[in-house]
Amino acid sequence: MFAFISVYAIMYSNYFYGNWSKGQEENFTDDNKVRHFKEQLFTGYDISEFEDLFKTKNVTYITTTGVDGLI
């Protein structure tokens, strides 16, 4: 089993009641790709982007499941 933090959960928890456009600027590129921060302990992923990390690995994919607050 593998777990990840959704970039959308980061957006909702950090920017929902604040400056949403600042969150988009900080967490997404101009072409709407997720920004990753190697200097931080955690970075957010889009679900399909996270699943793509395993396509070249010797693992058997079963399913993706999870809970992500509002999403």
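Which residues of H1 are buried?

**View 1. Buried residues of helix H1.** Val7, Ile10, Met11 and Tyr15 are the buried residues in H1; buried means under 20% relative accessible area, exposed over 50% and partly exposed in between, with a 1.4 Å probe and protein chains only. Seen down the axis of H1, these residues fall within an arc of 100 degrees, so they line one face of the helix. The arc is taken over the directions from the helix axis to the C-beta atoms. H2 is included in what covers them, where contact means heavy atoms within 4.5 Å. Helices (H or I, at least four residues) and strands (E, at least two) are DSSP runs, numbered from the N terminus. The model is predicted: local features need pLDDT of at least 70 and side-chain atom pairs count only at pLDDT 80 or more, while totals for chains, interfaces and linings use all residues. Residues are numbered from 1 along each chain as its sequence is written, and side-chain values use heavy atoms, with hydrogens and water left out.

**View 2. The start of helix H1.** Here a side-chain oxygen of serine 6 comes to within 3.1 Å of the backbone nitrogen of tyrosine 8. A polar contact is a pair of N or O atoms within 3.5 Å; within protein, one must be able to donate a hydrogen and the other to accept it, and residues adjacent in sequence count only if both atoms are side-chain atoms.

**View 3. Surroundings of threonine 43.** Threonine 43 sits in the loop between helix H2 (20-27) and H3 and is buried, at a relative accessible area of 19%. Its side chain makes a polar contact of 3.2 Å with the side chain of histidine 36 and reaches the backbone nitrogen of phenylalanine 37 at 3.4 Å. Leaving aside residues up to four places away in sequence, threonine 43 touches Ile5, Ile10, Arg35, His36 and Phe37.

**View 4. Aromatic pairs.** Rings of Phe, Tyr and Trp (its six-membered ring) pair if their centres lie within 6.5 Å; planes under 30 degrees apart count as stacked, over 60 as edge-to-face and the rest as tilted. By this rule there are seven aromatic pairs. One of them, phenylalanine 4 with phenylalanine 50, is stacked, at 4.4 Å centre to centre and 25 degrees between the planes. Phenylalanine 4 lies in the segment before helix H1 (7-15) and phenylalanine 50 in helix H3 (residues 47-52), so the pair ties together parts 46 residues apart in sequence. Phenylalanine 4 is partly exposed (28%), whereas phenylalanine 50 is buried (12%). Phe4, Tyr45, Phe50 and Phe54 form one aromatic cluster.
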